[in-house]
Amino acid sequence: MTIKLNNQVNLHIIPTNKYKTVRIVVRFATPVDAITSSKRSLLASLMETNSLNFPDQVALSKKLAELYGAGFYVSVNRTGNQHYLSIGLNVINDNIAPNGVSILEDSVEFLKEIIFNPNIKNNAFDTETFAREKENLIVDIESIFDDKQTYAAMSLQNLFFSDNKNQKTPSFGDIEQIKQETPESIAEYYTDMIAHDKIDILVSGNVEEGYVERCFKNFGFVDREDMKTDLFYKQPFKNIIQQKSEVLPVVQSKLNIGYHCDVYYHDDMYFPLMVFNGLFGGFPHSKLFLNVREKHSLAYYASSSIDPFRGFISVQTGIDSSNRERVLRLVNEQLKDMTAGEFSDELLEQTKKMLINQYLLSSDNQRAVVEQHYLFSNVPYADLSQEEWMKKMNTVTKEDVQDVATGINLQAVYFMEGGK
């Protein structure tokens, strides 16, 4: 059930008796932008730390304890062309709260405090909190360099989206931009976000729809203009392969490979794309795992993943530096084999069964259900019944997978060579 609270402010109620908790997510959406991604990342840290009436983490934690140990978070992420700042709260269901207390009403009041009363005075965030959270965020981002697998994945995306600064900048922003921000600049951006972002409030749990609607009816948002940015980022294929190598002090070298693909979330070939990825590198029975890792012993790990909102397929491998060319050639051979249909009907069916199992498991995960519902609000044609989804998966043929593989082209190669 979706209720329009204001223009571009929607309340989505997902009643279910599967869970003992109620999950509430308030999501702010705006077009992806390299500068505002940095601002939003810092703003998320500030909003998660305190508010005007909960001026420190002790006071905030005390309030969460009064909500019977509610789980609270503020995070940022990106899907395609859109950037999200999400404020989430997990609370126990009113049905199991003691003494007839309405946890939902108290939770709504808490969220209103966090959203509409940040720790801003005289048009600036509290300076002590700001300095601390800014430094913490910079340290957290710098620490990504120590996680070489994540660093390699980010470096590949930087290559793949080299012509688009907004897409190659991570959802958490850029350190140099974050360093430029001030208590005043983030307070100013907060005001802009509250006034202009598209808002979706999602409530999942054993709740009565009318009661939830009454709780959020006068939440506090006002009308805003429609967001016209398409969810999908569609980058044209370039004949020039983007490549970068760097030597870093790691024992295990990393070879990450990016492929361009013109298949997107829930378009006509989306289900064949999922099957392709499962066969190519998504599962333990995939070609990358069995051939690159097991048969030829050329990789410590080898897998693939898809980003169906940006037409991006990535392959991740951990290798010995001397095997770079052999691994690159072997990975591309696996793609050619997929194009030629060199995979058995048994493996095709096994992959489809595993994808169906993943889908069914996700339907039991409250967080996944909320995220799916949000996606469906943006991509209505993706809202399939369980039977429709399974039918589409089961009807994928070998020829469909070959067709998908034919349209996948090498676009970027990142190599992290281990050195002393």
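**Notebook: a first walk through the chain**

I began at glutamine 8, which lies in the loop between β1 (2-6) and β2 (9-15). Helices (H or I, at least four residues) and strands (E, at least two) are DSSP runs, numbered from the N terminus. I keep in mind that this is a predicted model, where local features need pLDDT of at least 70, side-chain atom pairs count only at pLDDT 80 or more, and totals for chains, interfaces and linings use all residues. Residues are numbered from 1 along each chain as its sequence is written, and side-chain values use heavy atoms, with hydrogens and water left out.

I looked up phi of glutamine 8 and found a positive value near 65°, in a residue other than glycine. Is glutamine 8 buried or exposed? It counts as buried, at 15% relative accessibility; buried means under 20% relative accessible area, exposed over 50%, and partly exposed in between (1.4 Å probe, protein chains only).

Next I turned to serine 297, in the loop between α11 (287-295) and β11 (301-307). Serine 297 has a positive phi near 55°, and it is not a glycine either. With a relative accessible area of 55%, serine 297 is exposed.

**Helix α2**

Which residues of α2 (residues 57-66) are buried? I noted Leu60, Lys63 and Leu64. They cover an arc of only 100° around the axis, so they sit on the same side of α2; the arc is that of the directions from the helix axis to the C-beta atoms. On the face turned away from that buried side I found the exposed residues Val58, Lys62 and Ala65. The cover over the buried residues of α2 includes α1 (34-49), β4 (71-79), β5 (82-92) and α3 (103-116).

**Phenylalanine 280**

I found phenylalanine 280 in helix α10 (residues 270-282). It counts as buried, at 1% relative accessibility. Leaving out residues up to four places away in sequence, phenylalanine 280 touches Ser286, Lys287, Leu288, Ser304, Val315, Val331, Gln334, Leu335 and Met338; contact means heavy atoms within 4.5 Å.

**The whole chain**

Stepping back, I counted 16 helices and 13 strands in the chain. Its radius of gyration is 23 Å, close to the 22 Å that the globule rule gives for 420 residues, so the chain is as compact as a globular protein of that length. That radius is taken over C-alpha atoms, and the rule is 2.2 Å times the number of residues to the power 0.38. Along its principal axes, the C-alpha trace spans about 60 × 50 × 40 Å. My last entry is that buried residues make up 55% of the 420 residues.
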